[in-house]
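Hi,

Here is the model I said I'd pass along. Have a look at it first, then read on for my notes.

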Amino acid sequence: MSGALAAEIKSIAILTPEEGTDYGWNQQGIDAAKAAGKAAGVEVVVAQGLGYGDVRPTLRELASDGASLLIAHASGYNTSAPEIAKELKVPVAIVDTPNGLEKGLVADYTLSGHQGAYLAGRLAAKVSRSKSVGIVVSGEPPSWNSQSAAFAQGVKAENPAVKITYAVIGPAAYSDAAGGKRVTESVIASGADIIFGQGNGSSFGMLQAVETTKAADGGKVYFIDVIGDKSPIDKGFLLSSVVWNIEPVYAAMIADLKADTFGTRHYTIGLKDDSVKLLKTAAIPDNVWAEIQALREDVISGKIKVDPVYDAAAVRALMTSVAQ
């Protein structure tokens with residue numbers, strides 16, 4: 001597709017593996033697509049709860065219905081979506097494939113909230129009573145890896161003595177809530193009183209474990225979430241979240257489609273424009289929050305440099321222990 005004119009972009013579609021009610025990856029993606037579409041005067045079609053299997057039939061159906069852009073909002077879709085793009089000449093947006101750009105056809109938005117995760121690590125080290133924190137992930141995709149690494153770097157920068165236990169639920173356990181609960185319980189048993197959890201649907205299991213399992217000192221375990229804001233369902237255990245606002249990314253994609261520059265650049269999120277930000281909750285003391293805000297300014301100015309680490313082996317090397 002070339003020379004896409006504004007008038008030709010009537011609708012875009014977003015495909016998500018889980019329902020848009022997870023206060024996380026799926027919900028933030030759907031909400032962002034709707035907001036970007038509304039701002040651009042473009043209809044948005046939502047296909048949700050599709051699972052992690054073959055979505056080619058859904059991609060073909062949405063393309064035949066006239067979608068000018070298919071947003072394949074799952075790393076598991078990054079093989080089938082480009083195939084359909086080439087087959088039907090319909091632009092697609094995929095994740096976790098930075099080298100997959102193809103002008104006019106394929107754009108990648110491998111987003112990284114590493115700057116926010118670094119601040120979350122500083123926060124965790126400041127408030128941990130046991131000086132032991134845990135990272136629980138539902139897989140090791142680039143976006144999770146960069147946040148896990150930055151969180152560990154933040155913890156170490158704040159207090160090198162804090163123990164960091166790292167645990168993976170499974171290779172692609174994004175929706176495994178039971179696994180999330182089981183693994184989180186084991187990390188708490190190892191001494192952690194703060195859990196940094198990255199998981200989509202599995203994060204509900206992580207949160208459940210935090211709510212029902214006491215720390216070694218008999219006190220409360222706190223949870224730091226990613227991407228969304230679980231405040232509406234919090235029972236007093238949510239310390240913070242590395243919140244992503246994906247709307248500017250989708251807005252840029254629509255603009256690139258109109259300008260015939262789609263598939264020629266990567267999209268990023270960060271602290272500077274609040275597309276990545278740390279959630280403030282009542283569980284964070286005001287003096288600690290003030291310190292975190294000062295650190296935020298240092299990251300934005302470049303005084304503190306936080307580079308993304310995408311390689312799983314490099315991520316594991318930053319941990320005190322890796323749970324098997």
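This is a predicted model: local features need pLDDT of at least 70, side-chain atom pairs count only at pLDDT 80 or more; totals for chains, interfaces and linings use all residues.

Residues are numbered from 1 along each chain as its sequence is written, and side-chain values use heavy atoms, with hydrogens and water left out.

Asp 96 sits in the loop between β4 (92-94) and β5 (106-108). Its phi is positive, about 60 degrees, although Asp 96 is not a glycine. Most residues other than glycine have a negative phi. Asp 96 counts as buried because its relative accessibility is 18%; buried means under 20% relative accessible area, exposed over 50%, and partly exposed in between (1.4 Å probe, protein chains only).

Asn 200 is the other one to look up: it also has a positive phi of about 60 degrees without being a glycine. You'll find Asn 200 in the loop between β8 and α7, and with a relative accessible area of 10% it is buried.

**The chain as a whole**

The chain has ten helices and twelve strands. Its radius of gyration is 20 Å, which agrees with the value near 20 Å that a compact globule of 324 residues would have. (That radius is taken over C-alpha atoms, and the globule rule is 2.2 Å times the number of residues to the power 0.38.) Along the principal axes, the C-alpha trace spans about 60 × 40 × 35 Å.

Of the 324 residues, 55% count as buried. The accessible surface comes to about 12400 Å², and carbon and sulfur atoms own 52% of that; areas come from the Shrake-Rupley method with a 1.4 Å probe, and for residues only the protein chains shown count as cover.

If we take contact to mean heavy atoms within 4.5 Å, then 73% of the contacts with a separation of 6 or more are between residues 24 or more positions apart.

On charges, there are 29 positive and 35 negative ones, and their mean positions are 4 Å apart. Lys and Arg count as positive and Asp and Glu as negative, with His and the chain ends not counted; each charge is placed at NZ of Lys, CZ of Arg, CG of Asp or CD of Glu.

**Some buried spots**

Which backbone oxygens does the side chain of Ser 241 reach? One is that of Asp 225, at 3.3 Å, and another is that of Gly 228, at 2.6 Å. These are polar contacts, i.e. pairs of N or O atoms within 3.5 Å; within protein, one must be able to donate a hydrogen and the other to accept it, and residues adjacent in sequence count only if both atoms are side-chain atoms. Ser 241 itself lies in strand β10 (residues 238-244) and is buried because its relative accessibility is 0%. Beyond neighbours within four places in sequence, its contacts include Ile 224, Lys 277 and Leu 279.

Thr 16, in the loop between β1 (11-15) and α1 (25-40), is buried too, with a relative accessible area of 0%. Leaving aside neighbours within four places in sequence, Thr 16 is in contact with residues including Asn 26, Gln 48, His 73 and Tyr 77.

In helix α7 (residues 203-212), the buried residues include Met 206, Leu 207 and Val 210. The buried residues of α7 pack against β6 (132-137), α6 (177-189), β8 (194-198) and β9 (222-227).

Ile 292 belongs to helix α9 (residues 286-301) and is buried at 0% relative accessibility. Not counting residues up to four places away in sequence, Ile 292 touches Leu 119, Arg 122, Leu 123, Lys 126 and Leu 278. Its C-alpha is 44 Å from that of Arg 56, 236 residues apart along the chain.

**And Arg 265**

Arg 265 lies in the loop between α8 (247-259) and β11 (276-278). At 38% relative accessibility, Arg 265 counts as partly exposed. Its side chain makes a polar contact of 2.8 Å with the side chain of Asp 256. Arg 265 and Asp 108 are 157 residues apart in sequence, yet their C-alpha atoms are 8.1 Å apart in space.

Cheers

Notes. Helices (H or I, at least four residues) and strands (E, at least two) are DSSP runs, numbered from the N terminus.
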